[in-house]
Amino acid sequence: MAIGLHQQMAMMVLELRLSGATSREAIRQTAAAAGNRDKRVISHAWAKHGRDALVELRLGRAASGKQWTSQELSRLEEAVFPQGGVVYTCPECGVRKFAENCDATCPACGWHPPLCLSEGPIDEQH
Ligand SMILES: [Zn+2]
């Protein structure tokens with residue numbers, strides 16, 4: 001898997017944000033790790049490649065069997081991608097899952113949604 005420098009920067013921002021860093025901290029740390037790059041370069045890389053980074057990270061975790069924690073999912077929903085369409089919260093029990101699973105029966109409570117409430121699946125182009 002060959003990914004470019006900007007994709008790597010976006011991945012680092014994503015991982016930092018999942019571990020609890022604010023957007024500002026994540027961009028600052030990524031800029032420092034990339035050889036004191038201009039933070040605007042990191043912001044731009046994140047804006048352009050953030051969703052792709054999530055796709056890559058999901059693929060990597062699926063391959064390695066590493067589970068997403070409920071804390072990570074809530075960070076994705078509330079802080080990292082607040083515009084929505086990434087994580088879906090079961091209205092019945094509050095369990096979070098990735099949005100493309102929003103029309104499936106909830107694995108936690110068994111509630112079956114009448115229709116998909118999200119803005120649609122994330123754009124998987126790989
Ligand atoms: Zn549920």
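Predicted model: local features only at pLDDT ≥ 70, side-chain atom pairs only at ≥ 80, totals over all residues.
1. Overall make-up. The secondary structure of the protein chain amounts to four helices and two strands, and these follow the pattern α-α-α-α-β-β when read along the sequence. The chain has 126 residues, of which buried residues make up 21%. Among the contacts with a separation of 6 or more, 41% are accounted for by residues 24 or more positions apart.

2. Geometry of α1. With 14 residues at 1.5 Å a residue, α1 should span 20 Å, and because its end C-alpha atoms are 20 Å apart, the model agrees with that expectation. Just after this helix, glycine 20 adopts a positive phi of about 115°.

3. Burial along α1. The buried residues of α1 are Met9, Ala10, Met11, Met12, Val13, Leu14, Arg17 and Leu18, and what covers them includes α2, α3 and α4. As background to such a list, an α-helix has 3.6 residues a turn, so residues three or four places apart point the same way.

4. The largest nonpolar core. This core holds 22 residues, and the members that touch the most other members are Met9, Ala10, Val13, Leu14, Ile27, Ile42 and Trp46. At least two residues of the core come from each of α1, α2 (23-33), α3 (39-64), α4 (70-80) and β1 (87-89), while α1 gives the most, with seven residues. Since residues are given both by domain 1 (5-64) and by domain 2 (68-119), the core lies between the two domains. In soluble globular proteins, nonpolar side chains tend to be buried together.

5. Leucine 18 in α1. Leucine 18 belongs to helix α1, which covers residues 5-18, and it counts as buried because 20 other C-beta atoms lie within 10 Å, where the cut-off for burial is 20 or more. Not counting residues up to four places away in sequence, leucine 18 touches Glu72 and Arg75. For the pair formed by leucine 18 and glutamate 72, the C-alpha atoms are separated by 5.5 Å, although the two residues are 54 residues apart along the chain.

Key:
Residues numbered from 1 in each chain as written. Buried ≥ 20, exposed ≤ 12 C-beta atoms within 10 Å, placed from the backbone. Contact = placed C-beta atoms within 7 Å. Core = buried A, V, L, I, M, F, W, Y, C linked by C-beta atoms within 7 Å. Domains from an automatic or database assignment. Expected span 1.5 Å × (residues − 1).
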